[in-house]
Amino acid sequence: MRPKNLIQNIQLLLALSMQALLVCFNSALAVVPQKVINEVYPLDQTIASFSKVINAGRVQGTALAEIYRERGIHYADLGHYDEAVADFSNAVELNPNYVTAYINRANAFAKLEQYKAAYQDFATAQKLSPTNKSIYAIRGSLNFLMGRFQDAAADYRYYLSLKPDDMYRMLWLHLSQKYQDASKPSDLAKYAQQINLDVWPGALIKLYLGQVGPDDFLKAFKQQMNTMSTEVLCEGFYYLGQYFLLTGNKKLAADSFKQAVNTNAKQNIEYEFALAYLIRLQQ
């Protein structure tokens, strides 16, 4: 389907080029296993600094729990997930109500493919803070990765009840529902009704809703590539890959996932999922 008039095409280009509004808070930490990412960095001075404070024994209680969590986050950033789990465990032992530490540990467990432990931590965090959006965003990603699309959709729907303007979670909900049953319409149109789709990633929602065809989307996207951040390029190619996969074109899907990976936007959840899907398609 082509844009019906010039205004629609201009709106698409505008959606792809508004750099000031490009990166809406895409908060879900990636849960793709470490063996897929296959990157571990050497420990650095920051770890040593945290360790020095911990070993000095001058900080106790919840303050010490925060330091353990901070060091755990840094271990995770460097790919040392066993050490990260140990630090997050120390944090929740010192502060059993430390919701973010449970969420961090759940993510680290997922990286280590210890999924039962990850789900247990998400459940604990949910019990302690049932309206914490990060729980549903990250657990939704894990459910999606595991092929538990009904559970993923439930997480994303609840997330959107807390933050109804998050277009990224709309996209993940749409994908979850379509992978669950491609013959049924998703809730994307309902959630997108009150959203300004002329800001990123609105162009992707237009693509999925059929308001813009893949050829026109890709043409406009490529015309704007030189002005885009690597994060947005990664997102565009990842969701385009998912579009092609849902429509049965595995070759174009693989090509799109490869281009998403080639952006090297490793901080994006879309980067890690593109890598995981690319590996699956190549098997």
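Me: Where does T227 sit, and how do I read the helix labels around it?
Reply: Helices are DSSP runs of H or I with at least four residues, numbered from the N terminus. T227 lies in the loop between α13 (214-223) and α14 (230-246). This is a predicted model, where local features need pLDDT of at least 70, side-chain atom pairs count only at pLDDT 80 or more, and totals for chains, interfaces and linings use all residues. Residues are numbered from 1 along each chain as its sequence is written, and side-chain values use heavy atoms, leaving out hydrogens and water.

Me: What does the side chain of T227 reach?
Reply: The backbone oxygen of Q224, at 2.8 Å.

Me: How far apart are T227 and E70?
Reply: In sequence, 157 residues separate T227 and E70; in space, C-alpha to C-alpha, they are 35 Å apart.

Me: Let's go to S176. Which helix holds S176, and what is S176 in contact with?
Reply: S176 belongs to helix α10 (residues 167-180). S176 counts as buried because its relative accessibility is 0%. Contact means heavy atoms within 4.5 Å. Setting aside neighbours within four places in sequence, S176 is in contact with F144, F149, A152, A153 and Y156.

Me: How do α9 and α10 pack?
Reply: Axes are lines fitted to C-alpha atoms, for helices over the stretch in contact, and angles between N-to-C directions run from 0 to 180 degrees. For helix α9 (residues 149-162) and α10, the angle is about 155° and the axes are 8 Å apart. Angles over 145 degrees count as roughly antiparallel, under 35 as roughly parallel, 65 to 115 as roughly perpendicular and the rest as oblique. So α9 and α10 are roughly antiparallel to each other.

Me: Which residues of α9 meet α10?
Reply: F149, Q150, A152, A153, Y156, R157, Y159 and L160 do, and on the α10 side they meet residues including W172, L173 and S176.

Me: What about α7 and α8, at what angle do they cross?
Reply: The axes of helix α7 (residues 115-128) and helix α8 (residues 133-145) cross at roughly 155° and come within 11 Å. That makes α7 roughly antiparallel to α8. Among the residues making this contact are Y119 and F122 of α7, and I138 and L142 of α8.

Terms used:
Helix = DSSP H or I, 4+ residues; strand = E, 2+ residues; numbered from the N terminus. Buried < 20%, exposed > 50% of the residue type's maximum accessible area, 1.4 Å probe, protein only. Polar contact = N/O pair within 3.5 Å; in protein donor to acceptor, adjacent residues only side chain to side chain.
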